[in-house]
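Please read them with the structure open beside you.

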Amino acid sequence: MSEPVIGIDLGTSNSVVAVVEGDRAVVIPDKEGRRIHPSVVSFVAADRIIVGAEAKKLMTLDPQNTVSSVKRLIGRNFFAKEVKVAQETFPFGIVQGADNTPHIAVRTGTYAIPEICSHILRHLKGIAEDYLGRSLTKAVITVPANFTDTQRKATQLAGELSGLEVSRIINEPTAAALAYGFGRDLDTRLAVYDFGGGTFDITVLDVEGSIFHVLSTAGDSYLGGDDFDNRLVNYMVMAFRQRHDFDLTNDIKALQRLKAIAEKVKCELSHRPKVAVQVQELVNGPEGPIDLSFSITRDGFNQKCQDIVQRTFAVCDEALRAGGISADQVAEVILVGGSTKVPIVREMVERYFSTRPVVEINPDEVVAVGAAIQGAALRADLVDADEAFQALQEDMHHLEKLGPQTQEFPRPQLGRVPEIQRTLLMDVTHHALGVATLGGFYDVVIERNTILPTERTRLFTTTVDGQETVRVQVFQGEADTVEANEKLGELELFGLRKAPRGEVVIEVVFEVNIDGILNVTARDRETGARQSIRLRLEGGTSPEEQHRMLGQQPRTGTR
């Protein structure tokens, strides 16, 4: 029997691992029975790194060396505004590392974000191996639908650093829809509202039996339940200052204690109308220890945090516009992510979509279950998933030739096979992909919501005699000008044959694979010779740095 492919939801606050056993998906517990594992890594000593629930206990005791919520930083450039915000709010050090990527500075050294994430993945891999009683090497890992190419590649690198072959990267809302719709023979349109600890995504898709066709997706990769916690922390700091004339903003340990309290208060308010807390000796003041007394009602919490929820609906508007549909055309709304447990979130979602959202599924576990189902489909003996996707892509090329009026998508003929073996995801590009042109304008190469995998070709030429290099700036977004879009990086074609300007024409193929990751190839159109290229990504890790990290032994002695 082939090796199981585990499914991993690598979350901002918590992570989950699952596997399909027989005809059912199982969320894997650790030896203590815990199914949800905090995405926290604590660097205790050079030869001792603690991950998960035990590490979370150290967040208030050793905040400078206990790392959490780093998913908010993965694949970003060090100079990005999100990194600057993190530097101002996270208790651990964030410094400039190789390739202008953010690194985490702790007592044992500095670590790239994929290295931190690899410790979490290795921890989950170990839990699964203990449960299954065998070594594991393959996984499907989920990411927010709005993740850029760079963020997806960084997640893939984290998997490789943990000793896992990443069989596929799929979007979190798509995975949730797969788990929800699997085996139910649905024929409906779903919206997956995915509000996690650090990211928000909305995905609209049609489900027809075992075919899951994504219509549109949008997201904010720096919006989540952490923002609720931070809002409560700021409120407690302000109340403490007014009552005791003492500023807590520079006391890292006190702030981390407040962060832990805020998380508990938020959870308690989901079940109670009012919460009061008393913290003994929160800080030492000029005249001795000062206690914290704090209370808040659910209505008060709602008033302070309603704008955070409202930001999600601007993203929903964007996804619906991109899919050419309205909210009332969505039949069911699936809530995913721990933040959807907050009552104000559920109330506002119901008002926005004018339908009661589905709350019967476990929002913390459903994404990992979907990843495990996709993993089982990939290992199926009777169906070659890559061949199925290739056949689907050929059908889509045929549809494109027929014109935009064609609305019905083909059902791949996969034969009579068990349900889990013929499950097929038809995901889409999350943003348009394009290049800069003269005058600061933007030429779209691959349109938003194009079914994956896909490829497009563009021709580039020299503009001066004897030119040996052509540089192309690559962007993502839908605006007409490059300044209004997000720069992904630069593509460099080098070693061109010397010739008069305009004579050398290079054919560049932009391919986005089933994982949503960009691959670029190029050739000289006249000679057919393969052309040398470099793709420098904003916030990306260079091949040399990847080689360094992959060549190192794991810097952890425990999991």
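1. **Basis.** This is a predicted model: local features need pLDDT of at least 70, side-chain atom pairs count only at pLDDT 80 or more, and totals for chains, interfaces and linings use all residues. Numbering starts from 1 along each chain as its sequence is written, and side-chain values use heavy atoms, with hydrogens and water left out.

2. **Confidence.** The pLDDT is the predictor's confidence in each residue, from 0 to 100. The chain averages 88, and 91% of the residues score at least 70. Two stretches need care. Over residues 401–418 the pLDDT is below 50, yet this stretch has 24 contacts in the model beyond near neighbours in sequence. Contact here means heavy atoms within 4.5 Å. Residues 554–559 are also below 50, with 21 contacts beyond near neighbours in sequence. Where pLDDT is low, the predicted coordinates should not be read in detail.

3. **Helix α3 on α4.** Helices (H or I, at least four residues) and strands (E, at least two) are DSSP runs, numbered from the N terminus. Helix α3 spans residues 113–132 and helix α4 spans 149–161; they pack at about 55°, with axes 8 Å apart. Axes are lines fitted to C-alpha atoms, for helices over the stretch in contact, and angles run from 0 to 180 degrees between N-to-C directions. That angle makes α3 oblique to α4. The cut-offs: under 35 degrees is roughly parallel, over 145 roughly antiparallel, 65 to 115 roughly perpendicular, and the rest oblique. The crossing is right-handed, a term used when the near helix is turned clockwise from the far one by less than a right angle; anticlockwise is left-handed. From α3 the contact takes P114, E115, C117, S118, L121 and R122; from α4 it takes A154, L157, A158, G159 and L161. By class that is 7 nonpolar, 2 polar and 2 charged residues. Ala, Val, Leu, Ile, Met, Phe, Trp, Tyr, Cys and Pro count as nonpolar, Asp, Glu, Lys and Arg as charged, and the others, Gly among them, as polar.

4. **Helix α4 on α12.** Helix α4 also packs against helix α12 (residues 543–551), at about 25° and with axes 9 Å apart. That makes α4 roughly parallel to α12. The crossing is right-handed. L157, E160 and L161 of α4 meet Q546, M549 and L550 of α12. The contact has 4 nonpolar, 1 polar and 1 charged residues.

5. **Helix α6 on α8.** Which way do the axes run? Those of helix α6 (residues 225–244) and helix α8 (residues 298–323) cross at roughly 140° and come within 10 Å. That makes α6 oblique to α8. This crossing is right-handed. D227, F228, R231, L232 and Y235 in α6 meet F301, K304, C305, D307, I308 and V309 in α8. The classes are 7 nonpolar, no polar and 4 charged.

6. **Sheet β8-β9-β10.** This open sheet has 3 strands in that order, with antiparallel pairing. Two strands pair if DSSP finds at least two bridges between them. The edge strands are β8 (93–96) and β10 (109–112). Neighbouring strands are turned by 40° against each other on average, direction ignored. Strand β9 (residues 102–106) pairs with β10 over 4 bridges. H103 has A112 of β10 as its bridge partner.

7. **Sheet β22-β25-β26.** Here too 3 strands form an open, antiparallel sheet. Its edges are β22 (454–461) and β26 (518–524). The twist averages 20° from one strand to the next. β22 pairs with β25 (residues 505–512) over 8 bridges. E455 is bridged to E511 in β25.

8. **Hairpin.** Strands β16 (residues 274–285) and β17 (residues 288–297) pair in the antiparallel sense over 9 bridges. A hairpin of 2 residues joins β16 to β17. N284 has P289 in β17 as its bridge partner.

9. **Backbone details.** Most residues other than glycine have a negative phi, and most peptide bonds are trans. The bond from L452 to P453 is cis, with omega near -5°. P453 lies in the loop between β21 (442–446) and β22. N100 has a positive phi, near 60°. N100 sits in the loop between β8 and β9.
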